[in-house]
Amino acid sequence: MADINERITDIVGKKDVVLFMKGTPLFPQCGFSSRAVAILDHCGVAFEGVDVLQDMEIRQGIKAYSDWPTIPQLYVKGEFVGGSDIMMEMFEAGELQQLLDEKQVAKA
């Protein structure tokens with residue numbers, strides 16, 4: 001488990017915004033991942049999509065890493081933010097854009 005945690009730490013540390021998702025940003029494979037991509041696109045930020053369907057170790061490891069049972073999962077500047085429902089709530093309240101601005105996330 002230590003190896004997968006190191007891999008995940010490396011992934012979330014390389015980009016300002018990382019979305020662990022089912023599918024890719026261009027071809028999401030579930031409605032929740034699609035919604036998460038749409039929210040990030042609307043916020044206008046550059047982000048890295050990690051397709052958990054291509055790597056079972058990442059798919060299971062990310063759930064333990066964040067102590068969050070579902071995918072997608074959003075990380076901003078290495079910190080876990082939440083899944084698609086939390087992203088939607090934060091987006092609707094203006095909190096997600098505020099967080100991205102405060103963390104000085106690069107625009108797309």
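Author: Helix 1, residues 2–14, packs against helix 3, residues 56–66, at an angle of about 85°, and the two axes are 10 Å apart. This makes helix 1 roughly perpendicular to helix 3, a term for angles of 65 to 115 degrees, while those under 35 count as roughly parallel, those over 145 as roughly antiparallel and the rest as oblique. Axes are lines fitted to C-alpha atoms, for helices over the stretch in contact, and the angles run from 0 to 180 degrees between N-to-C directions. Helices (H or I, at least four residues) and strands (E, at least two) are DSSP runs numbered from the N terminus.

The model is predicted, so local features need pLDDT of at least 70 and side-chain atom pairs count only at pLDDT 80 or more, whereas totals for chains, interfaces and linings use all residues. Residues are numbered from 1 along each chain as its sequence is written, and side-chain values use heavy atoms, with hydrogens and water left out.

On the side of helix 1, the contact (heavy atoms within 4.5 Å) is made by Ile-4, Asn-5, Arg-7, Ile-8, Thr-9, Ile-11 and Val-12. Helix 3 contributes Glu-57, Ile-58, Gly-61, Ile-62 and Tyr-65. Seven of the residues in this contact are nonpolar, three are polar and two are charged. Here Ala, Val, Leu, Ile, Met, Phe, Trp, Tyr, Cys and Pro count as nonpolar, Asp, Glu, Lys and Arg as charged, and the others, Gly among them, as polar.

Tyr-65 also belongs to a cluster that ring pairs form with Phe-20, Trp-68, Tyr-75 and Phe-80. Four aromatic pairs are found in the whole structure. Rings of Phe, Tyr and Trp (its six-membered ring) pair if their centres lie within 6.5 Å; planes under 30 degrees apart count as stacked, over 60 as edge-to-face and the rest as tilted. One of the pairs is that of Phe-20 and Tyr-75, which is edge-to-face, with 5.6 Å centre to centre and 75° between the planes. Phe-20 stands in strand 1 (residues 17–21) and Tyr-75 in strand 3, so that distant parts of the chain, 55 residues apart, are linked. Phe-20 is buried at 0% relative accessibility, and Tyr-75 is buried at 2%; buried means under 20% relative accessible area, exposed over 50%, and partly exposed in between (1.4 Å probe, protein chains only).

Trp-68 and Phe-80 form a tilted pair, with 5.5 Å centre to centre and 55° between the planes. Trp-68 lies in the loop between helix 3 and strand 3, and Phe-80 in strand 4 (residues 79–82), so this pair ties together parts 12 residues apart in sequence. Trp-68 is partly exposed at 27% relative accessibility, and Phe-80 is partly exposed at 27%.

Most residues other than glycine have a negative phi, and most peptide bonds are trans. Asp-67, placed in this loop, has a positive phi of about 55° although it is not a glycine. Asp-67 is exposed, with 69% relative accessibility.
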